[in-house]
Amino acid sequence: MPSKVSRLSGSENSYETLNKKYKEIISTLPKLDPPHPTYEISQYNGFWFHASILQATLFLAENFNAQPSDIYLCSSPKTGTTWLKALTFSIMTRDHFSEDDTTNPLLNQVPHNCVPTLEVDFYANPSFLDTELPVLATHVPYACLPPSILESDCKIIYICREPKDTFVSWWHYDKKQQETFGIESGKTLEQEFKWFHDGKSMYGPYWDHVLEYLKESIDRPERVFFLTYEDLKSDTLSYVKKFAEFMGKPFTEEELNQGAVEKIVARCNIKTLSNLEVNKSGFFDLKQWKISNSSFFRKGEVGDWKNLLTEDMAKSIDKITEEKFHSVGLKFPSEKTTTKD
């Protein structure tokens, strides 16, 4: 594994000084109306951010130093990020952990500890971004990425998901967090849906988030690998091989014959991961807030929106999806709005 490299400039003292500047900037930005019941959301560069996430995003834009060998896993929340982290981590570290190696971090840590998320992990531990592994993640829209990423030759893997399933996954995730920590926000499904529909969800508008990365993948396919959650789920073996090729760590003929790809897919299966003790009872501690590890794992099914959304909700989302993605030919397998009987 390569040695650690410094990806952050400045000291902790400079973080505090600069953060005051970013807080002042955020205070002038448009806010969600009506306000979100549990946290402040501001609009920046056409997208909506949690206040602390935006503060980190602004800081990283000026102080993050991408390395040419870096690989960034990019996504909007609840589109397959946890699974993608587990798969890519396993691919990149397969030379270091044998099949029955109990020290493999995936067995005793949530995948988000194995692959840090830039703007999320920053406040918990800035030095965590100076990782030996050249794989990092972010939910930040393409236009808001640190310039050092945009201007470098590093690679990006972007995963998206059918919009209705993305919303439903976020709803269940957020609801479980509130239940775990006894938060009574009074937030309703209808209000949360309206925010998502109107493009005011976290890191949203969701459709614009997807389009930015899709267009970049069309212009620079050698640099941006674009895929859907649905495609990854339908042919995981093939995509694991493609990831390995794209990341510059292809499987050897010997590895293929020994079933290395199948073993990685089995280890990273959502059922396998969710049954690990750490993912059933542990917490992902970010200092400013805690997230129950179990909330990262639910069904992972395609079309689960049918169990929650009304037909009118589904149709309204499909209308936006058709308008936004038709010109670029992006379609999802569950676009037909058939609700559960």
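Which residues touch the most other members of the largest nonpolar core? Let's start there. One thing before that: this is a predicted model.

The answer is F64, Y72, I149, I156, F167 and V210. The core they belong to has 61 residues. As background, nonpolar side chains tend to be buried together in soluble globular proteins.

Take Y72 from that list. Leaving aside residues up to four places away in sequence, Y72 touches F64, A66, Q67, L118, L136, I149, C154, K155, I156 and I157.

Next, the rings. A search of the whole structure turns up 19 aromatic pairs. One of them joins F196 and W207. The pair is tilted, with 55 degrees between the planes and 5.3 Å centre to centre. F196 sits in helix α9, residues 189–197, and W207 in helix α10, residues 206–219, so the pair ties together parts eleven residues apart in sequence. Both F196 and W207 are buried. They also belong to a cluster: ring pairs link F167, F193, F196, Y206 and W207.

Two lysines meet rings in another way. The charged end of K155 sits over the ring of F246, 4.9 Å from its centre. The charged end of K164 sits over the ring of W305, 4.5 Å from its centre.

Stay with K164, and turn to salt bridges. The whole structure has eleven. In one, the side chains of K164 and E162 meet at 2.6 Å, N to O. Are these two buried or exposed? E162 is buried, and K164 is too. A network of salt bridges links E162, K164 and D318.

Now compare two other bridges. D198 and K194 meet through their side chains at 2.7 Å, N to O. D198 counts as partly exposed because its relative accessibility is 35%. K194, at 47%, also counts as partly exposed.

Then D208 and K324. Their closest N and O atoms are 3.0 Å apart. This pair links distant parts of the chain: D208 is in helix α10, K324 is in helix α17, residues 311–325, and 116 residues separate them. D208 has 24% relative accessibility, so it counts as partly exposed. K324, at 33%, counts as partly exposed as well.

Last stop, R7. This residue lies in the segment before α1, which spans 12–27. Its relative accessibility is 2%, so R7 counts as buried. The R7 side chain makes a polar contact with the side chain of D70, at 2.8 Å.

Methods
Residues are numbered from 1 along each chain as its sequence is written. This is a predicted model: local features need pLDDT of at least 70, side-chain atom pairs count only at pLDDT 80 or more; totals for chains, interfaces and linings use all residues. Side-chain values use heavy atoms; hydrogens and water are left out. Helices (H or I, at least four residues) and strands (E, at least two) are DSSP runs, numbered from the N terminus. Buried means under 20% relative accessible area, exposed over 50%, partly exposed in between (1.4 Å probe, protein chains only). A polar contact is a pair of N or O atoms within 3.5 Å; within protein, one must be able to donate a hydrogen and the other to accept it, and residues adjacent in sequence count only if both atoms are side-chain atoms. Rings of Phe, Tyr and Trp (its six-membered ring) pair if their centres lie within 6.5 Å; planes under 30 degrees apart count as stacked, over 60 as edge-to-face and the rest as tilted. A charge sits over a ring if NZ of Lys or CZ of Arg is within 6 Å of the ring centre and within 35 degrees of the ring normal. A nonpolar core is a set of buried Ala, Val, Leu, Ile, Met, Phe, Trp, Tyr and Cys residues joined through side-chain atoms within 4.5 Å. Contact means heavy atoms within 4.5 Å. A salt bridge is a side-chain nitrogen of Lys or Arg within 4 Å of a carboxyl oxygen of Asp or Glu.
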